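Please look through the sequence and the three-dimensional structure shown below before reading on.

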Amino acid sequence: MIAGHNGDEIEAYIATPSDDGARGGVVVIHHMPGYDRGTKEIARRFAELGYDAICPNLYWRQAPGAAPDDAAAAVRAQGGVPDEQLNGDVAGAAAHLRSLPKSNGKVGVIGYCSGGRQSVLAACNVDLDAAVDCYGAFVVGTPPEGFPLKVTNLVAELPNLRAPLLGLFGKDDSYPSPEQVAELDEILTGLDKPHEFHSYDDAGHAFFAVDRPAYRPAAANDGWERITSFFGAHLGG
(Lines give C-alpha, C1' and ligand atoms only; values in the text may rest on other atoms or scores of the structure.)
Protein backbone atom coordinates (compact mmCIF):
# COMPACT_ATOMS: atom_id res chain seq x y z
CA MET A 1 0.00 0.00 0.00
CA ILE A 2 1.24 3.49 -0.87
CA ALA A 3 -0.11 7.02 -0.45
CA GLY A 4 -1.76 8.17 -3.68
CA HIS A 5 -3.83 11.20 -4.63
CA ASN A 6 -4.98 13.19 -1.60
CA GLY A 7 -3.15 10.74 0.65
CA ASP A 8 -5.49 7.85 -0.26
CA GLU A 9 -4.02 4.44 0.51
CA ILE A 10 -3.92 2.44 -2.71
CA GLU A 11 -2.49 -0.91 -3.68
CA ALA A 12 0.70 -1.08 -5.74
CA TYR A 13 2.95 -3.80 -7.13
CA ILE A 14 6.69 -3.30 -6.69
CA ALA A 15 9.64 -5.18 -8.14
CA THR A 16 13.24 -4.50 -7.16
CA PRO A 17 16.65 -5.75 -8.34
CA SER A 18 18.68 -8.10 -6.16
CA ASP A 19 21.91 -6.08 -6.41
CA ASP A 20 22.99 -3.42 -3.93
CA GLY A 21 23.83 -0.55 -6.27
CA ALA A 22 22.13 2.83 -6.39
CA ARG A 23 19.49 2.95 -9.11
CA GLY A 24 16.67 4.89 -10.69
CA GLY A 25 13.00 4.04 -10.47
CA VAL A 26 10.19 3.50 -12.97
CA VAL A 27 6.47 4.07 -12.45
CA VAL A 28 4.55 1.67 -14.69
CA ILE A 29 1.03 2.90 -15.59
CA HIS A 30 -1.21 -0.01 -16.49
CA HIS A 31 -3.37 -0.09 -19.59
CA MET A 32 -7.15 0.28 -19.72
CA PRO A 33 -7.76 -3.45 -19.03
CA GLY A 34 -6.27 -2.82 -15.63
CA TYR A 35 -3.78 -3.91 -13.03
CA ASP A 36 -3.14 -7.33 -14.49
CA ARG A 37 -0.51 -10.02 -14.78
CA GLY A 38 0.97 -8.58 -17.97
CA THR A 39 1.57 -5.20 -16.35
CA LYS A 40 3.20 -6.81 -13.32
CA GLU A 41 5.49 -8.74 -15.66
CA ILE A 42 6.53 -5.41 -17.19
CA ALA A 43 7.43 -4.14 -13.70
CA ARG A 44 9.53 -7.26 -13.13
CA ARG A 45 11.29 -6.69 -16.44
CA PHE A 46 12.35 -3.23 -15.29
CA ALA A 47 13.69 -4.76 -12.08
CA GLU A 48 15.70 -7.20 -14.19
CA LEU A 49 17.04 -4.18 -16.09
CA GLY A 50 18.25 -2.70 -12.81
CA TYR A 51 15.45 -0.36 -11.70
CA ASP A 52 13.07 -0.23 -8.79
CA ALA A 53 9.69 -0.44 -10.51
CA ILE A 54 6.23 0.21 -9.15
CA CYS A 55 2.78 -0.14 -10.69
CA PRO A 56 0.01 1.66 -8.76
CA ASN A 57 -3.45 0.10 -9.01
CA LEU A 58 -5.38 3.04 -10.45
CA TYR A 59 -8.66 1.16 -9.99
CA TRP A 60 -8.21 0.35 -6.30
CA ARG A 61 -10.70 2.92 -5.04
CA GLN A 62 -13.56 1.65 -7.20
CA ALA A 63 -12.85 -2.07 -6.97
CA PRO A 64 -10.41 -3.09 -4.21
CA GLY A 65 -9.34 -6.69 -4.63
CA ALA A 66 -11.47 -7.27 -7.74
CA ALA A 67 -10.30 -9.20 -10.78
CA PRO A 68 -8.73 -6.92 -13.40
CA ASP A 69 -11.61 -7.25 -15.89
CA ASP A 70 -14.22 -6.47 -13.25
CA ALA A 71 -12.24 -3.52 -11.91
CA ALA A 72 -11.74 -2.12 -15.42
CA ALA A 73 -15.47 -2.42 -16.14
CA ALA A 74 -16.34 -0.58 -12.93
CA VAL A 75 -13.97 2.27 -13.77
CA ARG A 76 -15.10 2.52 -17.41
CA ALA A 77 -18.69 2.82 -16.17
CA GLN A 78 -17.62 5.92 -14.22
CA GLY A 79 -15.82 7.46 -17.19
CA GLY A 80 -12.29 6.39 -16.33
CA VAL A 81 -9.63 7.70 -13.96
CA PRO A 82 -9.80 11.50 -13.49
CA ASP A 83 -6.65 13.28 -14.64
CA GLU A 84 -6.10 14.96 -11.27
CA GLN A 85 -6.31 11.61 -9.49
CA LEU A 86 -3.86 10.06 -11.96
CA ASN A 87 -1.35 12.82 -11.32
CA GLY A 88 -1.67 12.34 -7.58
CA ASP A 89 -1.26 8.58 -7.78
CA VAL A 90 1.84 8.85 -10.00
CA ALA A 91 3.30 11.49 -7.69
CA GLY A 92 2.74 9.14 -4.74
CA ALA A 93 4.34 6.24 -6.59
CA ALA A 94 7.34 8.39 -7.56
CA ALA A 95 7.73 9.56 -3.97
CA HIS A 96 7.66 5.95 -2.78
CA LEU A 97 10.40 5.02 -5.24
CA ARG A 98 12.55 7.95 -4.14
CA SER A 99 12.12 6.87 -0.51
CA LEU A 100 13.68 3.46 -1.14
CA PRO A 101 17.17 3.01 0.31
CA LYS A 102 18.91 2.38 -3.03
CA SER A 103 17.22 5.18 -4.96
CA ASN A 104 19.45 7.59 -6.85
CA GLY A 105 16.61 10.12 -6.82
CA LYS A 106 15.68 9.77 -10.50
CA VAL A 107 12.27 8.43 -11.56
CA GLY A 108 10.73 7.83 -14.97
CA VAL A 109 7.23 6.87 -16.04
CA ILE A 110 5.93 4.57 -18.77
CA GLY A 111 2.40 3.80 -19.87
CA TYR A 112 0.61 1.68 -22.45
CA CYS A 113 -2.70 2.37 -24.23
CA SER A 114 -4.65 4.73 -21.93
CA GLY A 115 -1.53 4.67 -19.76
CA GLY A 116 0.46 6.17 -22.63
CA ARG A 117 -1.68 9.30 -22.54
CA GLN A 118 -1.45 9.26 -18.74
CA SER A 119 2.34 9.01 -18.92
CA VAL A 120 2.44 12.25 -20.93
CA LEU A 121 -0.08 13.82 -18.55
CA ALA A 122 2.04 12.90 -15.53
CA ALA A 123 5.19 14.22 -17.20
CA CYS A 124 3.44 17.60 -17.54
CA ASN A 125 2.42 17.75 -13.88
CA VAL A 126 4.73 15.60 -11.73
CA ASP A 127 8.44 15.87 -10.94
CA LEU A 128 9.81 13.17 -13.26
CA ASP A 129 13.08 12.67 -15.12
CA ALA A 130 11.87 10.78 -18.22
CA ALA A 131 8.61 9.59 -19.76
CA VAL A 132 7.65 6.90 -22.28
CA ASP A 133 4.36 6.92 -24.20
CA CYS A 134 3.49 3.56 -25.77
CA TYR A 135 0.70 4.24 -28.27
CA GLY A 136 -1.28 6.53 -25.97
CA ALA A 137 -4.48 7.79 -27.58
CA PHE A 138 -5.81 11.35 -27.32
CA VAL A 139 -2.65 13.16 -26.37
CA VAL A 140 -3.84 15.09 -29.42
CA GLY A 141 -7.05 14.55 -31.36
CA THR A 142 -10.60 14.08 -30.15
CA PRO A 143 -12.24 10.90 -28.82
CA PRO A 144 -14.93 9.51 -31.13
CA GLU A 145 -18.60 9.84 -30.25
CA GLY A 146 -19.61 7.18 -27.75
CA PHE A 147 -16.09 6.67 -26.39
CA PRO A 148 -16.50 5.24 -22.87
CA LEU A 149 -13.93 7.40 -21.09
CA LYS A 150 -14.29 11.06 -20.19
CA VAL A 151 -10.98 12.23 -21.60
CA THR A 152 -9.78 15.31 -23.42
CA ASN A 153 -6.58 15.80 -25.35
CA LEU A 154 -3.48 17.21 -23.67
CA VAL A 155 -2.59 19.98 -26.11
CA ALA A 156 -3.04 22.66 -23.44
CA GLU A 157 -0.81 20.67 -21.06
CA LEU A 158 2.10 20.14 -23.44
CA PRO A 159 3.85 23.48 -22.81
CA ASN A 160 4.35 22.20 -19.24
CA LEU A 161 6.08 18.97 -20.25
CA ARG A 162 8.89 18.59 -17.69
CA ALA A 163 10.73 15.50 -18.89
CA PRO A 164 12.21 14.09 -22.11
CA LEU A 165 9.63 11.96 -23.91
CA LEU A 166 10.06 8.73 -25.87
CA GLY A 167 7.07 7.78 -28.03
CA LEU A 168 6.56 4.32 -29.56
CA PHE A 169 3.72 3.87 -32.04
CA GLY A 170 2.29 1.50 -34.65
CA LYS A 171 1.67 2.79 -38.16
CA ASP A 172 -1.50 0.67 -38.39
CA ASP A 173 -3.00 2.19 -35.24
CA SER A 174 -6.09 4.43 -35.39
CA TYR A 175 -5.78 5.94 -31.91
CA PRO A 176 -3.24 7.42 -32.17
CA SER A 177 -3.13 7.51 -35.94
CA PRO A 178 0.09 8.31 -37.83
CA GLU A 179 -1.36 11.75 -38.51
CA GLN A 180 -1.90 12.33 -34.78
CA VAL A 181 1.63 11.18 -34.02
CA ALA A 182 2.93 13.64 -36.62
CA GLU A 183 0.81 16.41 -35.07
CA LEU A 184 2.21 15.68 -31.61
CA ASP A 185 5.75 15.66 -33.00
CA GLU A 186 5.14 19.04 -34.63
CA ILE A 187 3.70 20.56 -31.43
CA LEU A 188 6.57 19.34 -29.25
CA THR A 189 9.14 20.52 -31.79
CA GLY A 190 7.53 23.95 -31.82
CA LEU A 191 7.64 24.02 -28.02
CA ASP A 192 11.30 22.94 -28.05
CA LYS A 193 10.51 19.93 -25.85
CA PRO A 194 13.04 17.05 -26.07
CA HIS A 195 11.36 14.02 -27.57
CA GLU A 196 12.09 10.99 -29.71
CA PHE A 197 9.38 9.14 -31.67
CA HIS A 198 9.49 5.79 -33.48
CA SER A 199 6.66 4.28 -35.52
CA TYR A 200 6.62 0.67 -36.68
CA ASP A 201 5.39 -0.85 -39.92
CA ASP A 202 2.94 -3.78 -39.64
CA ALA A 203 2.12 -2.83 -36.04
CA GLY A 204 -1.08 -1.45 -34.60
CA HIS A 205 -2.35 -0.78 -31.11
CA ALA A 206 -1.02 -2.97 -28.26
CA PHE A 207 1.93 -4.38 -30.19
CA PHE A 208 3.81 -4.87 -26.90
CA ALA A 209 1.07 -7.14 -25.48
CA VAL A 210 2.51 -10.66 -25.64
CA ASP A 211 -0.87 -12.27 -24.81
CA ARG A 212 -2.82 -10.60 -27.61
CA PRO A 213 -3.12 -11.14 -31.37
CA ALA A 214 -1.84 -7.56 -31.79
CA TYR A 215 1.61 -8.58 -30.49
CA ARG A 216 4.40 -7.84 -32.97
CA PRO A 217 7.71 -9.31 -31.76
CA ALA A 218 9.98 -7.27 -34.03
CA ALA A 219 8.39 -3.96 -33.05
CA ALA A 220 8.21 -4.90 -29.36
CA ASN A 221 11.82 -6.07 -29.22
CA ASP A 222 13.07 -2.92 -30.91
CA GLY A 223 10.85 -0.86 -28.61
CA TRP A 224 12.31 -2.52 -25.52
CA GLU A 225 15.82 -1.75 -26.74
CA ARG A 226 14.89 1.90 -27.19
CA ILE A 227 13.23 2.05 -23.76
CA THR A 228 16.31 0.50 -22.18
CA SER A 229 18.63 3.04 -23.83
CA PHE A 230 16.33 5.97 -23.06
CA PHE A 231 15.94 5.19 -19.38
CA GLY A 232 19.62 4.34 -19.14
CA ALA A 233 20.48 7.81 -20.40
CA HIS A 234 18.04 9.69 -18.17
CA LEU A 235 17.70 7.56 -15.03
CA GLY A 236 21.12 5.96 -14.73
CA GLY A 237 21.77 2.22 -14.77
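How are helix 1 and helix 6 oriented to each other? Before the answer, a word on the basis of the text: this is a predicted model, in which local features need pLDDT of at least 70 and side-chain atom pairs count only at pLDDT 80 or more, while totals for chains, interfaces and linings use all residues. Residues are numbered from 1 along each chain as its sequence is written, and side-chain values use heavy atoms, with hydrogens and water left out.

Helices (H or I, at least four residues) and strands (E, at least two) are DSSP runs, numbered from the N terminus. The axes of helix 1 (residues 37-48) and helix 6 (residues 217-235) come within 12 Å and cross at roughly 50°; here axes are lines fitted to C-alpha atoms, for helices over the stretch in contact, and angles run from 0 to 180 degrees between N-to-C directions. Angles under 35 degrees count as roughly parallel, over 145 as roughly antiparallel, 65 to 115 as roughly perpendicular and the rest as oblique, and helix 1 and helix 6 are therefore oblique to each other.

Where these two helices meet, Ile42, Arg45 and Phe46 in helix 1 are in contact with Trp224, Ile227 and Phe231 in helix 6, contact meaning heavy atoms within 4.5 Å. The residues of this contact of helix 1 with helix 6 divide into 5 nonpolar, no polar and 1 charged, on a scheme in which Ala, Val, Leu, Ile, Met, Phe, Trp, Tyr, Cys and Pro count as nonpolar, Asp, Glu, Lys and Arg as charged, and the others, Gly among them, as polar.

Helix 3 (residues 83-99) and helix 4 (residues 114-125) pack at an angle of about 70°, with their axes 9 Å apart, and that makes helix 3 roughly perpendicular to helix 4. From helix 3, Asp83, Leu86, Asn87 and Val90 meet Arg117, Gln118, Leu121, Ala122 and Asn125 of helix 4, and the residues of this contact divide into 4 nonpolar, 3 polar and 2 charged.

Within helix 4, two residues can be followed individually. Gly116 lies in this helix and, at 0% relative accessibility, counts as buried, a word that means under 20% relative accessible area, with exposed meaning over 50% and partly exposed in between (1.4 Å probe, protein chains only).

Next come the aromatic rings. A search of the whole structure finds 14 aromatic pairs, where rings of Phe, Tyr and Trp (its six-membered ring) pair if their centres lie within 6.5 Å, and planes under 30 degrees apart count as stacked, over 60 as edge-to-face and the rest as tilted. Tyr51 and Phe231 form an edge-to-face pair, at 6.3 Å centre to centre and with 65° between the planes. This pair links distant parts of the chain, since Tyr51 is in the loop between helix 1 and strand 5 (52-56) while Phe231 is in helix 6, 180 residues apart; both Tyr51 and Phe231 are buried. The rings of Phe208 and Trp224 have their centres 6.2 Å apart and their planes at 85°, so this pair is edge-to-face. Phe208 is buried, and so is Trp224. One aromatic cluster includes Phe46, Tyr51, Phe208, Trp224 and Phe231 among its members.

Finally, some details of the backbone deserve a look. Tyr175 and Pro176 are joined by a cis peptide bond, with omega about 10°, and Pro176 has its place in the loop between strand 8 (165-170) and helix 5 (178-190). Cys113 has a positive phi of about 60° although it is not a glycine; Cys113 is found in the loop between strand 6 (103-112) and helix 4, and at 17% relative accessibility Cys113 counts as buried. Asp192, not a glycine, has a positive phi of about 60°, but Asp192 counts as exposed, at 67% relative accessibility.
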